[in-house]
Amino acid sequence: MLTEEDLRNKISTTIPDVYNVIVTDLSYGCGQSFDVVVVSNIFQGKNKLQRSRLVNGALKEEIQTIHAFSCKCYTEEEWAKIVI
Amino acid sequence: MFNRQLLNAGRLIGNQTLTQMRQTIYRPQLMAFMSTEIRKAIGDAVSSAPVVLFMKGTPEFPQCGFSKATIGILGQQGVDPLKFAAYNVLEDPELREAIKEFTEWPTIPQLFVNNEFVGGCDVIKSMAKSGELTELLEEAQVLVPEDYDAEEKS
């Protein structure tokens with residue numbers, strides 16, 4: 001079964017230049033539904049589709065086994081505007 | 001909002017769903033051929049309308065929160081129902097898997113505008129928030145014309 005920790009580790013090790021990763025299990029620990037926020041400057045100049053594709057690629061096997069997956073990707077600059 | 005009934009995967013290949021088609025002409029030696037065939041069927045579905053959504057359930061009865069949210073956004077944006085088609089992947093297991101391979105995108109819903117893959121629910125949500133989606137839909141000329149209501153009343 002997947003945990004928040006598993007996804008966080010996989011993203012941190014696969015996506016370069018990761019500044020922050022927030023993984024939330026929305027299935028109350030059942031490991032079936034995750035909400036993910038990734039902050040990295042690798043997303044600079046990439047549109048939302050390309051950004052999501054990076055994360056989807058990093059979590060290819062994991063996403064296949066779970067029911068729902070939601071992902072938001074920000075650069076450090078965009079993130080700074082969201083978190084005040 | 002989207003009350004036109006062109007919403008089931010049965011439209012994919014005449015009146016057959018992909019699964020039915022596979023059952024009719026499935027032969028092991030035709031596997032490679034089939035996958036080309038399915039690819040073509042999906043291509044046809046994608047180009048069947050300017051705006052195409054592969055979703056779980058139908059626009060009237062979405063069967064997944066993400067599909068429901070996406071339909072809601074398309075409605076808010078004012079996508080012209082006449083330029084919109086939805087395919088219910090729950091009606092067709094073959095389509096459900098094939099569409100993921102086709103776009104190399106692991107989740108459903110999946111939105112296409114003028115044959116181009118736009119993204120899934122998160123991408124669309126965030127594009128709607130930033131105004132990019134309106135821009136894209138306007139450019140693609142798939143929104144209900146602004147004087148639409150006035151015309152109807154007259």
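1. Interface. Ten residues of chain A are in contact with nine of chain B; contact means C-beta atoms, placed from the backbone, within 7 Å. On the chain A side, helix 2 (48-58), helix 3 (60-65) and strand 3 (68-74) each give two or more residues. Helices here are DSSP runs of H or I with at least four residues, strands are E runs of at least two, and both are numbered from the N terminus. That side of chain A divides into four nonpolar, four polar and two charged residues.

2. Basis. This is a predicted model: local features need pLDDT of at least 70, side-chain atom pairs count only at pLDDT 80 or more, and totals for chains, interfaces and linings use all residues. Residues are numbered from 1 along each chain as its sequence is written, with chains lettered from A and ligands numbered from 1 in the order written.

3. Sheet of chain B. Four strands form an open, mixed sheet in the order 2-1-3-4; pairing takes at least two DSSP bridges between two strands. Strand 2 (84-88) and strand 4 (116-119) each have a single partner strand, so one side of each lacks a neighbour in the sheet.

4. Strands 1 and 2 of chain B. They run parallel, joined by five bridges. B:Val51 has B:Phe84 as its bridge partner, and B:Met55 stands opposite B:Asn88. From strand 1 the chain passes through helix 3 (residues 65-77) of chain B to strand 2, a right-handed β-α-β crossover (clockwise from first strand over helix to second, with the strands pointing away from the viewer).

5. Burial. In strand 2 of chain B, five of five residues are buried (20 or more other C-beta atoms, placed from the backbone, within 10 Å of the residue's own). B:Phe84, B:Ala86 and B:Asn88 point one way, B:Ala85 and B:Tyr87 the other.

Methods: Contact = placed C-beta atoms within 7 Å. Nonpolar A, V, L, I, M, F, W, Y, C, P; charged D, E, K, R; others polar. Buried ≥ 20, exposed ≤ 12 C-beta atoms within 10 Å, placed from the backbone.
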